[in-house]
Amino acid sequence: MPHAVMKKDLREQLKARLKTDRQRLIANFHEDGMPEKLLRNLRSSVDDVLTQAWANTRLPPQAALVAVGGYGRGELFPYSDVDVLILLHEAPDDATRGRLEEFVQLLWDLGLDVGHSIRTIDECLAESKADITVQTSLLEARIITGNMVLFAQMQDAYNKAMDPRAFFEAKTIEMRQRHAKYEDTPFSLEPNVKESPGGLRDLHVILWMAKAAGLANSWRTLAVRGLITQTEARQLMEKERAFKDIRVRLHLVAGRREDRLVFDVQTAVAETLGLKATGSGVHMRRASEYLMQRYYWAAKAVVQLNTILLQNIEAYLFPHNEEKVRINERFSEVNGLIDMNDDDTFEKTPSAIMEIFVLLCERPALKGMTARTIRALWHERFKIDAGFRADPVNKAYFLRILQAPQGIIHNLRRMNELSILGRYLPSFRKITGQMQHDLFHVYTVDQHIMMVLRNMRRFTMTEHAHEYPFCSQLMANYPQHWLLYVAALFHDIAKGRGGDHSKLGVADVHQFGQEHGMSQEDIELVAFLVEHHLTMSHVAQKQDMSDPDVIQAFAKTVGDERHLTGLYLLTVADIRGTSPKVWNAWKGKLLEDLYKMTLRVLGGEPHSADRELKNRQQEALATLRLYGLPPDAHEALWKQLDLAYFLRHDASDIAWQTRALWDRLDSEQPVVKVRLAPIGEGLQVAVYIKDQPDLFARICSYFDRKNFSILDAKIHTTKHGYALDTFLVTEQNFAKSYRDIINLIEHELCELLLTQGPLSAPSKGRLSRLSRTFPIQPTVDLRPDERGQYYLLSVAANDRTGLLYSIAKVLTNYKINLHTAKVMTLGERVEDVFIVDGPALANARTQLQLETDLLEALKI
């Protein structure tokens with residue numbers, strides 16, 4: 001039979017075998033649910049096929065085919081690479097090189113995703129020395145077929161060249177860099193099962209370090225060597241098996257190599273594990289939430305056990321004399337770490353569980369705990385029960401942690417990681433690892449709370465004062481910072497229980513405060529902050545702050561300066577703790593403006609429209625004088641502006657617009673002026689033109705085409721029929737070329753407003769992956785304000801390009817007059833509020849039709 005025909009027959013035969021084996025093994029997995037058996041059998045199937053392919057390629061007898069990496073470890077996930085080393089005794093000649101290429105091509109033809117290298121022993125050692133990744137993959141080398149003697153020589157040379165200390169240091173650095181890439185937390189909402197902190201790779205790193213040091217090559221042998229206990233070894237094996245199970249299912253659900261538990265696949269993976277959603281409506285818990293909470297608890301355990309193992313391996317590799325300094329009868333300092341004096345310290349004195357964190361807070365020289373102390377804490381956490389929580393000593397210790405001058409956040413995080421915080425505060429334990437599907441939180445509930453605490457704490461630190469100077473200034477003068485930390489700790493603690501978590505959290509605060517001996521005044525303050533932690537952002541972002549009644553009502557809610565300042569600081573810390581994308585300078589300005597206006601009211605200064613008008617006009621005139629304009633330059637324009645204009649614009653905006661328009665009051669041409677927004681983010685665009693029914697929609701259509709995001713819009717019509725509209729817009733590249741963009745907007749928007757062509761259809765921007773997975777049911781709410789003068793139109797929907805223009809086009813069709821638009825983007829969700837009026841709104845049937853059309857426009 002010709003060689004080519006024989007090769008083709010072999011290829012088809014091996015390809016068919018791989019396919020048949022794969023289908024059978026995966027079917028078996030669906031029946032028995034045993035991931036390690038599947039990984040082992042998939043590897044064996046590929047081993048057999050590679051052995052047969054090798055035997056039929058006429059390779060030199062001195063060569064060896066070696067499995068490396070995960071495949072060398074003896075595992076093969078359904079869609080993972082097959083990493084092989086072709087080991088040669090000498091550099092290949094042309095004939096050998098041709099046969100090697102033929103062999104590798106055959107593997108690709110079989111449908112295997114092959115990663116291959118061709119090296120001699122010397123080349124393996126040189127590459128291993130230069131690249132820690134190569135050195136690691138060779139650590140798990142396993143011969144598949146070929147020359148056993150050559151492979152043994154390579155292993156012997158590799159082992160002699162191994163420097164366990166250098167390997168440990170390199171892998172530690174590599175691990176830290178990987179953790180940083182994955183946000184330094186196992187609690188990402190879309191974790192990478194393989195690479196994230198607490199995932200499979202962390203388990204691999206420990207075994208690699210132990211193997212390189214000649215200590216052990218499995219969890220059992222690590223326990224035999226005394227680096228971990230038998231219980232810990234069993235826990236690690238259980239977590240490893242669970243992660244392998246999830247990763248296998250990820251591959252099978254995605255139909256490709258996929259190691260990220262992204263939202264799109266979480267539910268499908270959960271369902272393959274037999275997890276189901278429970279409850280309904282607001283009380284529903286998705287199957288994916290059960291899966292992720294299970295994952296987070298496992299990842300947290302791995303983080304803790306890895307910390308213990310890393311310290312133990314380091315102590316073995318880098319032995320040094322212990323410098324022990326006694327702290328008290330229970331603890332000592334050993335080389336900068338706190339260590340318990342006796343193995344049964346926590347068993348004999350359970351309150352030492354809390355005391356150790358007090359010492360870590362109050363002694364900044366202590367950088368952490370020894371491995372044996374961490375292990376003891378981890379195992380003795382079950383001592384924290386109702387009796388422990390009722391002990392006045394432990395209550396006092398917990399308050400000392402919150403009141404410590406430093407180290408508060410580090411130690412609260414340590415307590416959370418060791419499951420001590422959740423055992424001391426049972427309500428906190430319930431939200432540990434709890435998902436949040438609101439499209440703007442990117443952390444689990446417990447991690448969000450830790451982020452809010454961190455943000456609050458940073459307001460107290462001089463090294464962070466440049467980030468939010470106003471918050472730092474307020475915090476410096478705020479008595480009893482620790483009360484704000486308690487509010488941060490409890491503000492979301494009741495999430496997931498059903499009902500209003502703000503109100504449910506108040507009951508927890510009262511219980512905590514009474515049990516910990518807080519004064520009634522302090523309890524009421526913290527309870528107020530928890531109950532109203534969403535109120536200030538709601539008023540600032542959804543209500544008309546130019547209305548004195550809005551400010552008066554908010555001032556009545558907060559009552560005094562202490563409550564106002566505490567609520568402001570908690571609100572800023574909370575918004576910043578949801579996601580890096582949610583906070584922006586515009587939201588910061590709204591909150592700061594609301595704070596200052598409310599403070600004036602609380603100080604006895606009435607928030608009257610006349611007083612506010614006078615103050616803003618005087619401040620604007622002072623700015624105008626700096627530009628050298630005639631003393632009466634403002635008069636003609638200001639006579640055409642009503643009270644609402646002055647109340648809705650800052651003095652700097654009034655001065656800027658007056659300077660641009662004072663000599664163009666009756667301009668026949670549109671005037672478009674653009675500047676960098678004074679808030680330090682985005683551009684401010686002012687448009688002055690004879691009013692026209694579709695003006696707002698026309699301007700929005702321009703921003704839509706340019707992919708600009710509109711954060712704020714103020715719409716005003718002068719007494720002589722001109723529109724004076726102001727927009728705050730952002731775009732990713734503003735900072736790089738803002739001068740060119742300013743010129744472009746001023747020119748193009750003028751041209752658009754002059755053409756008066758028909759309005760283009762809104763672009764139906766694609767929803768993000770996150771929004772497609774968790775779509776929001778669009779809502780529209782139209783209701784008259786308290787005076788019956790205007791209507792408040794609120795809409796909520798998934799964010800997408802062209803959304804605001806779609807809304808504006810509907811309003812234009814109904815001849816609705818728009819006065820103000822507040823556009824609030826919360827991650828993937830938008831909640832826009834408009835103040836509108838118009839004859840059409842007087843008819844109930846027309847209102848209903850308008851809401852229907854708006855709902856249609858909000859859909860993709």
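Strands β6 (residues 331-334) and β7 (residues 337-340) pair in the antiparallel sense through four bridges. Within this pairing, S332 has D339 of β7 as its bridge partner. The model described here is predicted. Both strands belong to an open sheet of four strands, ordered β5-β6-β7-β8, with mixed pairing. The edges of this sheet are β5 (324-326) and β8 (368-369), each of which pairs on one side only. Helix α16 (residues 371-380) packs on the sheet and touches β7 and β8. The direction of α16 makes about 60 degrees with that of β7.

T370 sits in the loop between β8 and α16. The relative accessibility of T370 is 11%, so this residue counts as buried; the cut-off is under 20%. Leaving aside residues up to four places away in sequence, T370 touches Q311, L337, I338 and D339. D339 is also the bridge partner of S332.

A further open sheet of four strands has the order β3-β2-β1-β4. Its pairing is mixed. Strands β3 (114-120) and β4 (142-146) stand at the edges. Each has a single partner strand, so one side of each lacks a neighbour in the sheet. Neighbouring strands are turned by 25 degrees against each other on average, direction ignored. Strand β1 (residues 64-67) pairs with β4 in the antiparallel sense, over four bridges. A67 has R142 of β4 as its bridge partner.

Antiparallel pairing also joins strand β14 (residues 791-798) to β16, here through eight bridges. L793 stands opposite F834 in β16. Strand β16 (residues 829-837) has nine residues, and eight of them are buried, so the strand is largely enclosed by the rest of the structure. In a regular strand, side chains alternate between the two faces of the sheet.

Helix packing was examined next. Helix α29 (residues 561-576) and helix α30 (residues 585-602) pack at an angle of about 175 degrees. Their axes are 10 Å apart. Angles over 145 degrees count as roughly antiparallel, so α29 is roughly antiparallel to α30. On the α29 side, the contact is made by E561, L564, T565, Y568, T571, V572 and I575. On the α30 side, the residues are L591, E592, Y595, T598, L599 and L602. The residues of this contact divide into eight nonpolar, three polar and two charged.

Helices α29 and α30 are also among the partners of helix α23. In α23 (residues 469-476), the buried residues are F470, C471, S472, L474 and M475. These pack against α22 (445-458), α24 (481-490), α29 and α30.

E36 touches R241 and K244, not counting residues up to four places away in sequence. At 27% relative accessibility, E36 counts as partly exposed.

Backbone geometry marks out two loop residues. S419 has a positive phi of about 65 degrees although it is not a glycine. This residue lies in the loop between α19 (408-417) and α20 (420-424). S419 is buried, with a relative accessible area of 7%. K815 likewise has a positive phi, of about 55 degrees, and is not a glycine. K815 is placed in the loop between α38 (803-813) and β15 (817-826). In contrast to the buried S419, K815 counts as exposed, at 64% relative accessibility.

The chain averages a pLDDT of 90, and 95% of the residues score at least 70. Among the elements of the chain, helix α26 (residues 520-531) has the highest mean pLDDT, 98. The lowest mean, 60, belongs to helix α37 (residues 769-773).

Technical notes: Residues numbered from 1 in each chain as written. Predicted model: local features only at pLDDT ≥ 70, side-chain atom pairs only at ≥ 80, totals over all residues. Heavy atoms only, no water. Pairing = 2+ DSSP bridges. Contact = heavy atoms within 4.5 Å. Axes fitted to C-alpha atoms, helices over the stretch in contact; angles between N-to-C directions. Parallel < 35°, antiparallel > 145°, perpendicular 65-115°, else oblique. Nonpolar A, V, L, I, M, F, W, Y, C, P; charged D, E, K, R; others polar. Buried < 20%, exposed > 50% of the residue type's maximum accessible area, 1.4 Å probe, protein only. pLDDT = per-residue confidence, 0-100.
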